[in-house]
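Hello,

Here is the structure I promised to pass on. My notes on it follow below.

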Amino acid sequence: MGTRRSPKKPLPPPVVDRRHQQALEIFERAVKALGKKDFDRCRGLLDALIEDFADQQEFVERARSYRAMCDRSRRPARPKTFEELLNYGVVLHNRGDFELAVKYLRQALEIHPRNEGALYCLAAAQARAGDAQAALRALRSAIHANPASRAQARRDADFEPLREAAAFQALVAPALP
């Protein structure tokens, strides 16, 4: 007869390191947020992982790498095309950052030097930035490109700093037929 084997005892359940599992869950949620381009959520999860699970070195190192990716991905692309430069200049102007708006509007005008909209926006930003002479030159060019800019400038609050200047008044005076 054969030898009798004793029944195998079931193996004990694997020891699950609870902190390891928690760190893994947070890391997976952060990666999912990054995939959805939800950079703020991703950053928050990774920061919590780094701060609360310092003992889980494997995840902390990965979290730092992913956090750097998250930061790089969040930075806005530098405007390059005429439209991007013009739009960014207008956004900066609307935020009240007139000097920086002038910089981007000038870059837009390097691409299309006679664009009436860009010339007008540059004039308005320069007026707000306190550069009256440059504003008058740009406004003169804008009016030359599009005479309707004359009437627009008469009503535009951006030219308030120039309103009393004789050169501005002459420039925006209604054109004689």
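**Salt bridges and cores**

The structure contains six salt bridges. Please keep in mind that this is a predicted model.

Asp40 pairs with Arg43, with 3.4 Å between the closest N and O atoms. Both residues belong to helix α2 (residues 39–52), where they are three residues apart, about one turn of the helix. Arg43 has a relative accessible area of 12%, so it counts as buried, the limit being under 20%.

A salt bridge also links Glu58 and Arg62, where the closest N and O atoms are 3.9 Å apart. These two sit four residues apart in helix α3 (residues 57–74), so about one helical turn separates them. Glu58 is partly exposed at a relative accessible area of 42%, and Arg62 is partly exposed as well, at 41%.

Glu160 and Arg163 form a salt bridge through their side chains, at 3.3 Å from N to O. Arg163 is buried, with 17% relative accessibility, whereas Glu160 is partly exposed at 47%. As background, side chains of opposite charge can pair when their charged atoms come close.

Next, the serine. Ser149 lies in helix α8 (residues 148–155) and is buried, with a relative accessibility of 4%. Setting aside neighbours within four places in sequence, Ser149 contacts Tyr120, Ala142 and Ile143.

Now the cores. The largest nonpolar core has 30 residues, and Leu139, Phe159, Leu162 and Phe168 are the ones that touch the most other members. Two or more residues each come from α4 (82–95), α5 (98–111), α6 (116–129), α7 (132–145) and α9 (166–172). The biggest contribution to this core is that of α6, with eight residues.

Which residues does Leu139 touch, not counting those up to four places away in sequence? They are Tyr120, Ala123, Ala153, Phe159, Phe168, Leu171 and Val172.

In soluble globular proteins, nonpolar side chains tend to be buried together.

Regards

Notes
Residues numbered from 1 in each chain as written. Predicted model: local features only at pLDDT ≥ 70, side-chain atom pairs only at ≥ 80, totals over all residues. Heavy atoms only, no water. Salt bridge = Lys/Arg side-chain N within 4 Å of Asp/Glu carboxyl O. Buried < 20%, exposed > 50% of the residue type's maximum accessible area, 1.4 Å probe, protein only. Contact = heavy atoms within 4.5 Å. Core = buried A, V, L, I, M, F, W, Y, C linked by side-chain atoms within 4.5 Å.
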